[in-house]
Amino acid sequence: MAQATSLIEREGLYDEDSTVDYESKDGRDASEYQLRWINVMNKGNYNCSENYNRVEVLLLRWDDTCDDMTTQHEVGQLKNVFEKEFNWHTELHCLNNKIEGRLQLQINAIVAAWVNKYSKPNTLLVVYYAGHGRPGTAFGQLELMGVRRQSSPNDDKRKRLNSIVWNKTEELLKPAEADVLEIFDW
């Protein structure tokens, strides 16, 4: 009769010094998963994914001329981690409200091109945003901006030039063939 093997043994992560013998199945399973996590992290296998062949990261931050949070250094460090530690491909875009044309169109063009280029099955698309954000005027709406204060709350044209309604841009991510993870650092 064949003997049942544990998850740790099946995955080749068995370490005699780290075995746990609990009477409850839940306790054993929790311990095995914890040991699996520790061993995988120790081996550095976190760079490999069984679910994704490729991970693409879109980093969005504000140009220094319209960023009162000065996110350049922070985003640069994160870009290095994604590329050097995880071997993920990154693309960095700086949003600029000084460029002629509306900001909403600028970010929509960036995201649409990125999704079109990288959306494939077995791919994870990660969108990371660094900057200010706040709830919008409509329920569930998210507005993103480079500076905390807008010039005048009643100046609709100025607001349109200096903020993004993320929900409009997010619609461009929905038809992606890939899985999408959105991270907002605000």
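Two strands pair if DSSP finds at least two bridges between them. Helices (H or I, at least four residues) and strands (E, at least two) are DSSP runs, numbered from the N terminus. The model is predicted: local features need pLDDT of at least 70, side-chain atom pairs count only at pLDDT 80 or more, and totals for chains, interfaces and linings use all residues. Residues are numbered from 1 along each chain as its sequence is written, and side-chain values use heavy atoms, with hydrogens and water left out.

**View 1. Strand 3 beside strand 7.** Strand 3 covers residues 123-130 and pairs with strand 7 in the parallel sense. Seven bridges join the two strands. At one of these positions, Tyr 128 has Ile 183 of strand 7 as its bridge partner.

**View 2. An aromatic cluster.** Ring pairs link Phe 82, Phe 86 and Trp 88 into a cluster. Rings of Phe, Tyr and Trp (its six-membered ring) pair if their centres lie within 6.5 Å; planes under 30 degrees apart count as stacked, over 60 as edge-to-face and the rest as tilted. Five aromatic pairs turn up in a search of the whole structure. For Phe 86 and Trp 88, the ring centres are 4.9 Å apart and the planes stand at 25°, so this pair is stacked. Phe 86 is partly exposed at 22% relative accessibility. Trp 88 is also partly exposed, at 22%. Here buried means under 20% relative accessible area, exposed over 50%, and partly exposed in between (1.4 Å probe, protein chains only).

**View 3. Two asparagines with positive phi.** Asn 87 follows helix 3 and sits in the loop between helix 3 and strand 2. Its phi is positive, about 60°, although Asn 87 is not a glycine. Asn 87 is exposed, with a relative accessible area of 57%. Asn 122 lies in the loop between helix 4 and strand 3. Asn 122 has a positive phi of about 60° and is not a glycine either. At 43% relative accessibility, Asn 122 is partly exposed.

View 4. Gln 104 belongs to helix 4 (residues 103-118). Its relative accessible area is 12%, so Gln 104 is buried. Contact means heavy atoms within 4.5 Å. Leaving aside neighbours within four places in sequence, Gln 104 touches Ile 164, Val 165, Lys 168 and Thr 169.

**View 5. The whole chain, for orientation.** The protein chain has six helices and seven strands. Buried residues make up 35% of its 186 residues. Of the contacts with a separation of 6 or more, 68% come from residues 24 or more positions apart.
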